[in-house]
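Hi everyone, thanks for coming. Let me put the model up on the screen, and then we can walk through a few spots together.

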Amino acid sequence: MGNSGQWYARYRYSRPRAFSFGLTIEKDPGEQLVWQPSSRRYGADYISFHAQLQNRGKWRNIILGDYQLQIGQGLIVSAGFVLGKSAETVQTVRRPMLGARPYTSLTEYGYFRGATATYALCPTLDLTLWGAHNRRDANSATDSTGTRIATSLQTSGLHRTLSELDDRGSLLETNFGAHLLYHTRRQLQLGLTVLNTTYDTFFRKRDQAYNQYEFTGQHNLVIGIHGGYVWRNWNLFGEVARSNGSETNSGGVGAVVGALVSLTKKLDLALVGRHYDRNFHSFYSNGFSEGTRTINESGTYIGLKYTVYRKLTLGGFVDYVNFPWLKYLVDKPSRGFDYLLQARYTPNRQTAFYAVYHEEHKQKNLTIGKVKDVVGTTRRSFALNADYKLTRSLSLRSRAQWGAFAYAGQTPSRGFALVQDATFDYRRLSLSGRVALFGTDDYDSRQYVYERDVLYAFSFPAYFNQGIRHYLLMQYSPSRHLAIWVRWARTDLTNQATVGSDLDQITAPHKTEVKVQTRWKF
């Protein structure tokens with residue numbers, strides 16, 4: 001219903017460890033700028049705000065507006081972006097204890113809107129309380145009795161069409177939570193967390209077998225304890241939580257325990273075990289897991305990092321996982337494992353090379369003719385990367401990666417990407433660009449490649465089909481107050497007549513994006 005442009009503005013006034021005030025507004029492509037208070041539309045489709053005070057006597061932290069919390073290992077509340085399993089095989093498996101933080105992202109879900117405060121009961125004991133009212137986007141339907149119920153949550157944040165506007169803010173969610181934290185100078189942490197969530201509409205997912213143990217009802221209570229202790233070269237951590245909903249399918253337990261240890265000066269080890277019941281329901285969790293949620297999963301992770309000598313490091317992990325109940329596109333309990341090997345060589349300060357190999361084995365539905373079965377799948381990926389600085393101002397990065405995906409007994413789908421980056425820095429000007437050649441048999445063999453973007457933006461697109469991707473990013477700071485970013489990107493496909501699908505389809509084999517961003521620092 002709106003034009004194809006995206007508009008975004010952010011204001012923030014802050015002093016570290018003292019205060020922060022901020023406002024973020026955004027209109028996505030396809031959305032309208034509408035002033036309609038009766039339907040909670042105030043110009044831009046998305047408006048986020050916060051006011052924070054810190055270290056006011058015993059009041060460690062007070063936030064009004066939008067915020068997130070990172071507590072324990074993320075089984076009840078977890079804030080921000082986490083890497084999980086990656087080429088950094090040791091350090092990223094443990095969640096840091098960050099407490100409450102203002103929310104300033106453009107992602108339109110996963111945060112609380114209300115108030116939170118942390119008070120120091122004594123030097124070693126902190127109490128955090130929070131409350132929030134959030135209107136969540138939700139699909140709805142009418143059950144057999146004619147009652148309107150919510151059937152799923154929408155997380156895209158897009159409100160471009162009449163149906164998307166009908167889902168906008170249709171489910172009122174109320175949260176009340178508390179966290180009691182005991183901590184000492186000897187790096188001991190013990191915490192108790194409680195989160196109560198209530199919906200104003202009955203929630204029940206579609207009547208599918210894999211949804212049998214999903215949350216149903218209007219009320220969910222999660223209670224958990226977490227702890228962490230540093231002893232010599234050992235860093236121990238863990239959390240266990242239990243959910244209790246308003247229906248009989250709740251009552252599951254989630255748990256994660258782990259350790260980081262330096263076995264020698266050269267060898268680091270990470271161990272993580274987790275178990276999430278198929279009826280463990282925690283809406284704001286983001287604990288260590290194979291899936292996107294902490295539900296229906298048990299697994300064991302072992303990661304190693306070995307410094308051969310100062311310039312050469314080797315690393316790897318292996319992760320075994322079991323899914324005790326059905327999943328989307330997996331019509332029976334399943335299991336799998338994956339492992340990763342990586343090497344990094346840094347001959348000097350101007351040059352670095354690394355190689356990563358990742359192999360993943362899972363099970364998935366496969367239909368041949370009229371017969372559907374759950375079979376094994378294998379996904380492999382290999383990447384070679386080189387960073388080198390030619391001059392003080394010019395640095396280059398070359399990357400080659402290959403991947404394949406196959407169902408058991410079937411012909412694999414293959415794909416590759418060849419990427420060349422360049423960055424030129426001269427005084428107040430920075431220019432960076434990329435040319436990438438890619439080709440994949442289909443979406444199954446897509447290649448993910450990180451791209452540089454304007455400040456605060458995160459770009460990690462999937463390259464698939466066949467074509468060329470290139471972009472140019474300029475940052476210019478004419479003064480210490482003003483900074484300007486301009487980004488131009490284009491994808492040209494050689495095997496398709498169109499780009500995208502449905503509302504995003506372009507009737508041409510190419511797509512161009514332009515971003516302009518400015519920042520003024522007072």
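This is a predicted model: local features need pLDDT of at least 70, side-chain atom pairs count only at pLDDT 80 or more; totals for chains, interfaces and linings use all residues.

Let's start at Leu180, which sits in strand β12, residues 171-183; strands here are DSSP runs of E with at least two residues, numbered from the N terminus. Leu180 is partly exposed, at 33% relative accessible area; buried means under 20%, exposed over 50%, and partly exposed in between, using a 1.4 Å probe and protein chains only.

Residues are numbered from 1 along each chain as its sequence is written, and side-chain values use heavy atoms, leaving out hydrogens and water.

Now for the salt bridges, meaning a side-chain nitrogen of Lys or Arg within 4 Å of a carboxyl oxygen of Asp or Glu. How many does a search of the whole structure find? It finds 27. In one of them, Glu214 meets Arg293 at 2.6 Å, N to O. Glu214 is in the loop between β13 and β14, and Arg293 in the loop between β17 and β18, so the pair ties together parts 79 residues apart in sequence. Glu214 is buried at 10%, while Arg293 is partly exposed at 39%.

Next, Arg274 pairs with Glu297, their closest N and O atoms being 3.0 Å apart. Arg274 belongs to strand β17 and Glu297 to strand β18, so this bridge ties together parts 23 residues apart in sequence. Buried or exposed? Arg274 counts as buried, at 4% relative accessibility, and Glu297 counts as buried too, at 1%.

A further bridge joins Asp453 and Lys515, at 3.1 Å, N to O. It links distant parts of the chain, 62 residues apart: Asp453 is in the loop between β26 and β27, and Lys515 in strand β30. Asp453 is buried at 13%, and Lys515 is partly exposed at 30%. Salt bridges that share partners also build one network, whose members include Lys85, Arg274, Glu290 and Glu297.

Last stop: Leu53, in strand β5, is partly exposed, with a relative accessible area of 33%. That's my tour, so over to you.

Methods:
Helices (H or I, at least four residues) and strands (E, at least two) are DSSP runs, numbered from the N terminus.
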